[in-house]
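Please look over the chain shown here before reading the notes that come after it. The notes are arranged by topic, so that each can be checked against the structure.

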Amino acid sequence: MGSETSQKLPAIDFTNINLANRELVKSQVYEALVEYGCFEATFDKIPLDLCKAMFGSIQEFFDLPIEIKTLDVCKMNHQGYVGQSPVIPLFESIGIDHANIFERVKTITDIWWPQGNPNFSKTINSFTVKLAELNEMIRKMILESLGVEKYIEQHMNSTDYLLRVMKYKSPQTNDKKLGLLTHTDQSLVTILHQNQVGGLEVMTKDEKWISYRPFSSHSFLVIVGDSFNAWSNGRLHSPFHRVMMRGSDTRYSLGLFTLPKKGCIVNAPDELVDEEHPLLFKPFDFVEFLNYRYSEKGLRDPFSLRTYCGV
Ligand SMILES: O=C(O)CCC(=O)C(=O)O
Ligand SMILES: [Fe+2]
């Protein structure tokens with residue numbers, strides 16, 4: 001599957017949302033997520049020096065000795081350290097659960113740097129808190145577009161944030177090498193941010209790969225995950241994406257994953273199920289779904305959501 005296309009992902013400007021233009025932006029968000037399952041947001045509420053500090057902090061983490069990086073710190077299942085894999089040898093990643101909560105980030109930071117690294121915890125947390133504001137704005141717009149704004153508060157209260165930071169070594173060749181396997185995210189929404197090294201590719205509904213390069217340092221890529229695909233009863237598309245690396249530059253990226261809280265059941269609201277839109281996925285426990293997704297069978301299954309709970 002997947003030839004290449006010169007098409008571009010939709011781009012939406014969040015730099016000046018006000019009462020006069022909010023409805024327009026909201027319709028752009030909904031259309032993009034139905035058609036592509038993603039869009040590039042220009043969002044300037046995160047100062048560039050904080051973005052720069054963030055990439056410095058990410059680099060600082062990956063420069064730690066391997067025995068520190070592999071310590072079991074992440075409280076969320078299946079979100080710990082990944083690296084040194086023969087299948088994706090360029091890739092390394094770590095999850096920081098609840099990165100929007102300062103005390104939690106500090107606890108993790110103190111494990112990685114027992115002598116303390118206040119700069120690291122402050123940077124990670126401030127960046128996450130600001131990016132979470134964009135996330136909430138977008139989720140509100142989505143629920144309004146779906147006509148189910150009565151669930152906004154419940155939706156906001158039933159999720160946790162996971163920050164994953166990623167490093168892709170350069171392959172030192174101009175031939176494309178696999179950075180990260182084709183997958184859909186399991187999240188509700190993921191917001192990605194990266195340095196200027198390209199490599200991310202997103203698949204269109206008609207199975208063509210769009211190469212993504214951020215327009216500016218204020219660019220964030222918003223992607224729908226399996227959980228929102230299920231919650232919206234299939235209205236929002238959850239696109240396949242992957243990373244292909246070439247050249248001699250290291251790629252750093254981060255993803256803010258909005259995940260259903262432990263114990264939460266992902267269930268499309270009644271308002272989104274009718275004769276024209278029959279229920280596509282049985283209600284599921286998010287943690288149980290992850291257990292399947294990361295099982296031997298699930299890891300080889302590109303359609304794990306459908307296999308796990310498709311009707
Ligand atoms: O590094 C990227 O840009 C993509 C990462 C990704 O898709 C993921 O972590 O799920
Ligand atoms: Fe992803």
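The model is predicted. Its secondary structure comes to 10 helices and 14 strands, and because the radius of gyration of 19 Å is close to the 19 Å that the globule rule gives for 311 residues, the chain is as compact as a globular protein of that length.

**Overall form**

- Taken along its principal axes, the C-alpha trace of the chain spans about 60 × 40 × 40 Å, and 38% of the 311 residues count as buried.
- When contacts between residues at least 6 apart in sequence are considered, 78% of them join residues that are at least 24 apart.

**The five-stranded sheet**

- An open sheet is formed by 5 strands in the order β1-β9-β8-β11-β6, and the pairing within this sheet is mixed.
- The edges are formed by β1 (3-5) and β6 (173-183), each of which pairs on one side only.
- On average, and with direction ignored, neighbouring strands of this sheet are turned by 35 degrees against each other.

- Helix α8 covers residues 286-293, and among its residues Phe286, Phe289, Leu290 and Arg293 are buried.
- These four residues lie on the same side of α8, because they cover an arc of only 100 degrees around the axis.
- The cover over the buried residues of α8 includes the helices α7 (226-231), α9 (296-299) and α10 (304-309), together with the strands β12 (251-260), β13 (265-266) and β14 (284-285).

**The crossing of α1 and α5**

- Helix α1 (residues 22-35) and helix α5 (residues 118-145) have axes that come within 9 Å and cross at roughly 80 degrees.
- Angles of 65 to 115 degrees count as roughly perpendicular, and α1 and α5 are therefore described as roughly perpendicular to each other.
- On the α1 side the contact is made by Lys26, Val29, Tyr30 and Leu33, whereas on the α5 side Ile138, Met141, Ile142, Glu144 and Ser145 take part.

Terms used. Residues are numbered from 1 along each chain as its sequence is written. Chains are lettered from A and ligands numbered from 1 in the order in which they are written. This is a predicted model: local features need pLDDT of at least 70, side-chain atom pairs count only at pLDDT 80 or more; totals for chains, interfaces and linings use all residues. Helices (H or I, at least four residues) and strands (E, at least two) are DSSP runs, numbered from the N terminus. The radius of gyration is taken over C-alpha atoms; the globule rule is 2.2 Å times the number of residues to the power 0.38. A residue is buried if 20 or more other C-beta atoms lie within 10 Å of its own, exposed if 12 or fewer, and partly exposed in between; C-beta atoms are placed from the backbone. Two residues are in contact if their C-beta atoms, placed from the backbone, lie within 7 Å. The arc is that of the directions from the helix axis to the C-beta atoms. Two strands pair if DSSP finds at least two bridges between them. Axes are lines fitted to C-alpha atoms, for helices over the stretch in contact, and angles run from 0 to 180 degrees between N-to-C directions. Angles under 35 degrees count as roughly parallel, over 145 as roughly antiparallel, 65 to 115 as roughly perpendicular and the rest as oblique.
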